[in-house]
Amino acid sequence: MSVLECCSAEEELYIAPCLLYLCPYPRYAQAQLETKTQKGPLTVTLHGSLILQELLQFFKPIKLVRSLLQIDTPELLRLMQDPKGSHVIDAFCSSEHIGPKSWGALVSKIQAS
């Protein structure tokens, strides 16, 4: 997490997007501000997606689950529509170590949009 500069408790919530985009937290935070001013969003990287998919298969990936569930809905929908990002959601839903409550939280977040 220190490589992605997600060391504090607040920054740990952004570990999943930082992995997906393979960028440190300060760059991710800056990109989020730029996205709100209509500049282009970051793109999901292949290697970031593969890393996150594998980490979701680990025993009790609670930090990653919380991090994915805190992503704002428009970004989450972009992630689901992305060819590389959609596999992360597939790994989230197929992991043996992520329970139905987390799946339900993801579905209700999507339905709320």
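Does Pro-83 count as buried or exposed? The points below take this up after an outline of the fold.

1. Overall make-up. The model is a predicted one. Its secondary structure consists of 8 helices and 0 strands. Read from the N terminus, the order of elements is α-α-α-α-α-α-α-α. The protein has 113 residues, and 36% of them are buried. Among contacts with a separation of 6 or more, 59% join residues 24 or more positions apart.

2. Pro-83. This residue lies in the loop between H6 and helix H7 (86-94). Pro-83 counts as exposed because its relative accessibility is 61%, and the cut-off for exposed is over 50%. Along the chain, Pro-83 and Leu-46 are 37 residues apart, while 9.4 Å separates their C-alpha atoms.

3. Ser-49. Helix H4, which spans residues 46-55, holds Ser-49. With a relative accessible area of 1%, Ser-49 is buried, since the term applies under 20%. Its side chain makes a polar contact, at 2.9 Å, with the side chain of Gln-53. Once neighbours within four places in sequence are set aside, the residues in contact with Ser-49 are Leu-20, Val-44, Lys-84, Gly-85 and Val-88.

4. The buried side of H5. Helix H5 covers residues 62-70, and its buried residues include Leu-64, Val-65, Ser-67 and Leu-68. These four residues lie on the same side of H5 because the arc they cover around the axis is only 165°. As background, an α-helix has 3.6 residues a turn, so residues three or four places apart point the same way.

5. H6 against H8. Helix H6 (residues 73-81) and helix H8 (residues 100-111) have axes that come within 10 Å and cross at roughly 105°. The two helices are therefore roughly perpendicular to each other, as angles of 65 to 115 degrees are classed that way. On the H6 side, the residues that meet H8 are Thr-73, Leu-76, Leu-77 and Met-80. Their partners in H8 are Leu-106, Lys-109 and Ile-110. Sorted by class, the contact of H6 with H8 has 5 nonpolar, 1 polar and 1 charged residues.

6. Points to look at in the structure.

Technical notes
Residues numbered from 1 in each chain as written. Predicted model: local features only at pLDDT ≥ 70, side-chain atom pairs only at ≥ 80, totals over all residues. Heavy atoms only, no water. Buried < 20%, exposed > 50% of the residue type's maximum accessible area, 1.4 Å probe, protein only. Arc of directions from axis to C-beta. Polar contact = N/O pair within 3.5 Å; in protein donor to acceptor, adjacent residues only side chain to side chain. Contact = heavy atoms within 4.5 Å. Axes fitted to C-alpha atoms, helices over the stretch in contact; angles between N-to-C directions. Parallel < 35°, antiparallel > 145°, perpendicular 65-115°, else oblique. Nonpolar A, V, L, I, M, F, W, Y, C, P; charged D, E, K, R; others polar.
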